[in-house]
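Work through the following exercises with the model open beside the text, and compare each solution with the coordinates.

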Amino acid sequence: MIEVKNLTKKFGRRRVLENVSFTAEKGQITCLIGINGVGKTTTLKAIMGLTPYKSGTILIDNEPISKQVYEKITFIPDAAIMPPSMTIGEALVFMQDFYSNWNNERALELLKFFNLKEEFRIAELSKGNTAKVNLLMGLAIDVDYILMDEPFSGIDIFSREQIANVFTSHLIEDRGVIITTHEINDIEHLIDKVILLDNGSVLKEFYTEEMRSQEGKSVIDVMREVYRA
Ligand SMILES: Nc1ncnc2c1ncn2[C@@H]1O[C@H](COP(=O)(O)OP(=O)(O)OP(=O)(O)O)[C@@H](O)[C@H]1O
């Protein structure tokens, strides 16, 4: 389980996260929702140890981030992550050399799943294909937790559907996923848990199934209530 407790982060004098606390479990998809600038990416970067924070605790399977814990987790940003001059095939070889926990069988399966070709050059990929390559590179590493920053942002409906299909396939396996988004429509059915953020704070944390069965509300219903209050 990933536990974020009372995370507070400042950029200069500006406080961008204020006592953010939530948990994300293995085998579940947890979604951090909030409009641009609420602190979603900063939260993921803090979990990955990529940005320092003022106070708070972040534990992964009860341990703070360290070299060993780092092996359990990967971060998929929303921009191209591989060198633009490489082809996808060359990027796969690079990743295989770099990561001891690289799963080439899964990488090739994802390549097929997304209809990507090894000869495609990273620099020439569409936004949708860039998102798919990023996802492929992240999912092909054997880790327990995957953090994805806006995997659905700015891409067409068919690419969004294809990416969403990965989350219901065996390719995700029993891993814990944290996704950030400001656009919930396409993925509501995939999400186990929701963290609603506003202005660097958690407004509400809930399980989608519980919310549906106990209060008869969809994620969008809850968002309307919380953000319009
Ligand atoms: N390196 C930085 N220096 C100063 N301020 C920053 C820096 N990075 C982010 N911020 C600010 O921190 C706040 C949170 O940014 P963050 O990128 O985490 O938001 P977000 O919810 O991920 O937004 P988006 O959906 O646009 O990616 C924003 O107001 C942003 O301008």
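**Exercise 1.** At roughly what angle do the axes of helix α5 and helix α6 cross?

This is a predicted model, in which local features need pLDDT of at least 70, side-chain atom pairs count only at pLDDT 80 or more, and totals for chains, interfaces and linings use all residues. Residues are numbered from 1 along each chain as its sequence is written.

Step 1: the axes (lines fitted to C-alpha atoms over the stretch in contact) of α5, residues 127-139, and α6, residues 157-167, come within 10 Å and cross at roughly 15 degrees. Step 2: angles under 35 degrees count as roughly parallel, and α5 and α6 are therefore roughly parallel to each other.

**Exercise 2.** Determine which residues of α5 meet α6, and classify them.

Step 1: with contact taken as C-beta atoms, placed from the backbone, within 7 Å, Gly128, Ala131, Lys132 and Leu135 in α5 meet Ser159, Ile163 and Val166 in α6. Step 2: these residues divide into four nonpolar, two polar (Gly counts here) and one charged.

**Exercise 3.** Describe the surroundings of the ligand.

Step 1: the residues around the ligand (C-beta atom within 6 Å) include Phe11, Val16, Lys40, Thr41, Thr42 and His182. Step 2: helix α1, residues 40-47, gives the largest share of this shell, three residues. Step 3: by class, the shell has three nonpolar, seven polar and one charged residues.

How values were computed
Helix = DSSP H or I, 4+ residues; strand = E, 2+ residues; numbered from the N terminus. Axes fitted to C-alpha atoms, helices over the stretch in contact; angles between N-to-C directions. Parallel < 35°, antiparallel > 145°, perpendicular 65-115°, else oblique. Contact = placed C-beta atoms within 7 Å.
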